[in-house]
Amino acid sequence: MNIPMLLQHPHRDFLKVLLRTLFRRYHFIVPSSTHLRLGIPCAQPFSALGLHHAKWMLPSNGLTRTLCLHTTLKEQTEGLSDKEQKLVAELYTGLIQGQRACLAEAITLIESTHNRKKELAQVLLQKVLVHHREQEKLKGKPLAFRVGLSGPPGAGKSTFIEYFGKMLTERGHKLSVLAVDPSSCTSGGSLLGDKTRMTELSRDMNAYIRPSPTRGTLGGVTRTTNEAILLCEGAGYDIILIETVGVGQSEFAVADMVDMFVLLLPPAGGDELQGIKRGIIEMADLVAITKSDGDLVVPARRIQAEYVSALKLLRRRSGVWRPKVIRISARSGEGITEMWDTMKEFQDVMLASGELTAKRQKQQRVWMWNLIQENVVEHFRTHPTVRKRIPLLEESVLSGALSPGLAADLLLKAFKSRD
């Protein structure tokens, strides 16, 4: 299948050179007013560069040329064997049909560190992304509501998610929970205990719980978390909850992949406003004081009042939404319904203002650069010239002979002069 290329005001000498190069499979579509005078048909085949859409803008002076290239699925799948193409097709078909087994296998594929499986995962993700965009155009709004949940250990996140999740599934929603579990720095293992704490919700066929180990990543937020969100939405889940390990740097990463960031805090935790730093509070769209029942009702009210006052002093991140502080109890169910109403209000307000669309676009850009940084660092560490010098310079830093800054400068210099 040929992919059209729109050429506006083409320079004939440039076209003549271009058409003699590797471009064979793709076609120019040239405006009828343009006369090539090259003895070349207006539709000319191109080669396998994997171009989905290319727009050339060639002013009369021929100095400015803009080429927008998007990789096509055709180009991605050409390098796969028949067996691999069949696997990707089966996973994709099962995924968009809502088969839980295919969703689980797809997430396992994107979590793989095997190079070939990474390539398969990207082909699958691209297919899901195309389907995702088509569905969003039909609905005219995002397919799912993405919510990040965080809070210190013991805040009752898992208990809340189970009660909250059951309430949502009973109302006809399909819920996906991406629960991150801390990995051991020694063995790399993980207890994956969230699923065991959500026994009722894990048996619900309209809920999908995916515990995933952090593999040492700060806060457990990795590139696969962002990609798993896309897969869950492709599988038909309209509410995605991302539960993080705790309160820390990871929350900044979570805030860059969700529509709404919810902070769960327990009462009677000491000096709350000191324990939860300003940066975390500024990111919260909603603060929920948990365990507001029994003897903890009074301290919960006090903490709520403190945070209401504190939020008034912070700069608002949104022009249309002011963060709220509520009290909830997953044991008695108090405040859970009101919390969901507040979350829906947030989604409606952000969608109507256009902030939600702009926020998601910004998040995609942020994650692109995050992934570039990860890959650049890995490329730097594995480069032969740098790899050979790392042990010696590390030893010099450990012995105090070199400062860390100078050692870093020497490695960067070696990397720059590698050619």
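This is a predicted model: local features need pLDDT of at least 70, side-chain atom pairs count only at pLDDT 80 or more; totals for chains, interfaces and linings use all residues.
**View 1. The largest nonpolar core has 48 residues.** A nonpolar core is a set of buried Ala, Val, Leu, Ile, Met, Phe, Trp, Tyr and Cys residues joined through side-chain atoms within 4.5 Å. Buried means under 20% relative accessible area, exposed over 50%, and partly exposed in between, with a 1.4 Å probe and protein chains only. L103, L124, L231, I240 and I289 touch the most other members. Helix 5 (residues 115–139) gives the most to this core: six residues. Helices (H or I, at least four residues) and strands (E, at least two) are DSSP runs, numbered from the N terminus. Domain 1 (79–138) and domain 2 (141–353) each supply at least three residues to this core. Those domain bounds come from an automatic or database domain assignment. Leaving aside residues up to four places away in sequence, L124 touches V88, L91, Y92, A106 and L109. Contact here means heavy atoms within 4.5 Å. Another core, of 32 residues, lies apart from the largest one; W321, I326, I328 and M343 are among its members. In soluble globular proteins, nonpolar side chains tend to be buried together.

**View 2. Strand 9 (residues 286–289) pairs with strand 8 and with strand 10.** Two strands pair if DSSP finds at least two bridges between them. Strand 8 (residues 260–265) runs parallel to strand 9, over four bridges. L263 has V287 of strand 9 as its bridge partner. Strand 10 (residues 324–327) also pairs with strand 9 in the parallel sense, over four bridges. L286 and A288 point one way from strand 9, V287 and I289 the other way. All four of these residues are buried. Strand 9, helix 13 (residues 297–312) and strand 10 make a right-handed β-α-β unit. Right-handed means that, with the strands pointing away from the viewer, the path from the first strand over the helix to the second runs clockwise.

**View 3. Five aromatic pairs are found in the whole structure.** Rings of Phe, Tyr and Trp (its six-membered ring) pair if their centres lie within 6.5 Å; planes under 30 degrees apart count as stacked, over 60 as edge-to-face and the rest as tilted. W321 and F346 are edge-to-face, at 5.3 Å centre to centre and 85° between the planes. W321 sits in the loop between helix 13 and strand 10, and F346 in helix 14 (residues 336–353), 25 residues apart. W321 is buried, at 4% relative accessible area. F346 is buried too, at 1%. F380 and F415 have ring centres 5.3 Å apart and planes at 65°, so this pair is edge-to-face. F380 counts as buried at 18% relative accessibility, and F415 at 16%. F160, F164 and W340 form one aromatic cluster.

**View 4. S176 lies in strand 5 (residues 175–181).** S176 is buried, with a relative accessible area of 0%. Not counting residues up to four places away in sequence, S176 touches Y208, C232, Y237, I239, I240 and L241.

Key
Residues are numbered from 1 along each chain as its sequence is written. Side-chain values use heavy atoms; hydrogens and water are left out.
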